[in-house]
Amino acid sequence: MDIDLARTWVQAIAAAVDKHKDHLTQLDSAIGDADHGVNMHRGFSAATTALTDYTPPTVGAVLVKTGTTLISSVGGASGPLYGSAFRAIGKALDTPTADTQQFAAALAAGLASVQQLGAAAPGDKTMIDAYAPALAAFQQQANSGSDFATAARAAADAAEDGMRATIPLQARKGRASYLGARSIGHQDPGATSTALIFRALAETVTAR
Amino acid sequence: MKKLINAPEAVLEDALAGIAAAHPTLRVDAENKVIARADATRPGKVALVSGGGSGHEPLHGGFVGLGMLDAACPGEVFTSPVPGQMLAAAQAVDGGAGVLFIVKNYTGDVLNFQMAAELAAEEGITVATVLIDDDVAVQDSTWTAGRRGTGATVFVEKIAGALAEQGADLAEVAEMGRRVNDNSRSFAVALTACTTPASGKPGFDLPDDEMEIGVGIHGEPGRSREQLRPAKEIVATALDAILADQPLNTGDETIVMVNGLGGTPLLELYVVFNEVAAVLADKDIVIARNLVGSYVTSLDMAGVSLTVCKADADILSLWDAPVNTPALRWGT
């Protein structure tokens, strides 16, 4: 991972969110308040713009800037949660390049920050249900000596499995939790956007 | 979707410009999206700041003015505002006595106000927070995000605002806000779903002869769906839930709000109030003050929420204190 790749990743997320905006909103209207697609789109568009004239010194600076922009533009719960995640990932990468091990540690810092802020655990039907398995898959590949692209693809696959596994869950955090048992049978919008972010990472590094 | 808008993405900006044009007593910061009183905060007065997603008007911007809020931060429709907005609001209205954040209990609002409080502290502004969680339709347990903040917000903003106006300090104003929240319970029923400008479609499908029981104020579906019944029975269901959660005794005094959710005729709200008054009279519970109208709305949703606040002499006296805002005005 280098500075250019980090920037391309954020642009790829913005493109993916744009493409899946209506799908995210549709998932959110079933068990939330129908704004997830619009909010994520506003945030990542703003992040892409913020990065356009920015020449960062480190990989992490790109991601910290992305996180700060998300916090100041998204609103809702997604803004602070994704914003803090990107800021924490970025703060752990204060070098011009990062290897697979470093990136695994940074992803772990990102998850810790989301959990600290949102207090959600795996199985609560939130973004954690995609993020935690993605991190585990990435770490496993990193520890077994796989290259970055292989680890990123494993993480994206695991995130998507985790995303689908939210369907039978009953929400225990966030707005969907108000529905109680009626949240069962719907895929979580936050887990879905997290899966998009990991898929964008895999595609970005694979294309390189 | 039929709406009186220019473009879905311009709704907030256009409405803020309209608020600025309509109310010379307010000053609207279009860039930071902050609605504040035109007059600077009296030095030494605690400043009250609230905010939340748009679509609940007159909450919160309509309650900015003498005796209530000093500033409001409107987010996008049904989306919490961002920390920068809340910081800008706190900086604009801090009169040196600190700022009270009045926050409805939704994950997004809580997280963004929490970040704003940290930013404000770094700027040397003392912040206290009151969390509003009055909606008994949601079970308050470790298995949910906790009760939602709804109608009690109006009571807290009015009563804490009056106390701040009298010169109480931040701890006292915050304590009063918490007391009013603790004394308040709400329950809502929807007859139709609402349509956000961005999605263009109703948040849920509700057949003509059904109602959503325990609905939230963001078009989020409620706890159950039932056949539509007469107003008398709907009120009984709502008051049962409210009184089961906070039993009231014979002779207790209350402030009651019968609140339209945006698409409900006032005529129907009075029908509902009549039923509320009958049930409470039957239990010898006194409605000392009331509000009947649309104060905490959910865009174009048809339906009603009931809020009951157990009131003592202090609370009633602060309720009666002068207020001069776009949506609530008396005694001035």
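I started at the β1(B)–β2(B) pair: four bridges join β1(B) to β2 (residues 34-37) of chain B, and the two run antiparallel. For me two strands pair if DSSP finds at least two bridges between them. Strands (E, at least two residues) and helices (H or I, at least four) are DSSP runs, numbered from the N terminus. In this pair, Arg27(B) sits opposite Ala36(B) of β2(B).

Before going on, I noted that this is a predicted model, where local features need pLDDT of at least 70, side-chain atom pairs count only at pLDDT 80 or more, and totals for chains, interfaces and linings use all residues. Residues are numbered from 1 along each chain as its sequence is written, while chains are lettered from A and ligands numbered from 1 in the order in which they are written.

Next I looked up the whole sheet. It is open, has six strands in the order β1-β2-β4-β3-β5-β6 (chain B), and its pairing is mixed. β1 (26-29) and β6 (127-132) of chain B are the edges with a single partner strand each, so one side of each has no neighbour in the sheet. From one strand to the next the twist averages 20°.

Then I checked what packs on the sheet. Helix α3 (residues 107-122) of chain B does, touching β3 (47-54), β5 (99-104) and β6 of chain B. Contact here puts the C-beta atoms, placed from the backbone, within 7 Å. The direction of α3(B) makes about 165° with that of β5(B); axes are lines fitted to C-alpha atoms, for helices over the stretch in contact, and angles run from 0 to 180 degrees between N-to-C directions.

I moved to the contact between the chains, which takes 30 residues from chain B and 26 residues from chain A. On the chain B side, β4 (71-77), α2 (83-93) and α3 each supply at least two residues. The largest share, five residues, comes from α3(B).

I count eight helices and 14 strands in chain B. The C-alpha trace of chain B spans about 55 × 50 × 40 Å along its principal axes. Buried residues (20 or more other C-beta atoms within 10 Å of their own, C-beta atoms placed from the backbone) make up 56% of the 332 residues. Of the contacts in chain B between residues at least 6 apart in sequence, 72% join residues at least 24 apart.

How values were computed. Contact = placed C-beta atoms within 7 Å. Buried ≥ 20, exposed ≤ 12 C-beta atoms within 10 Å, placed from the backbone.
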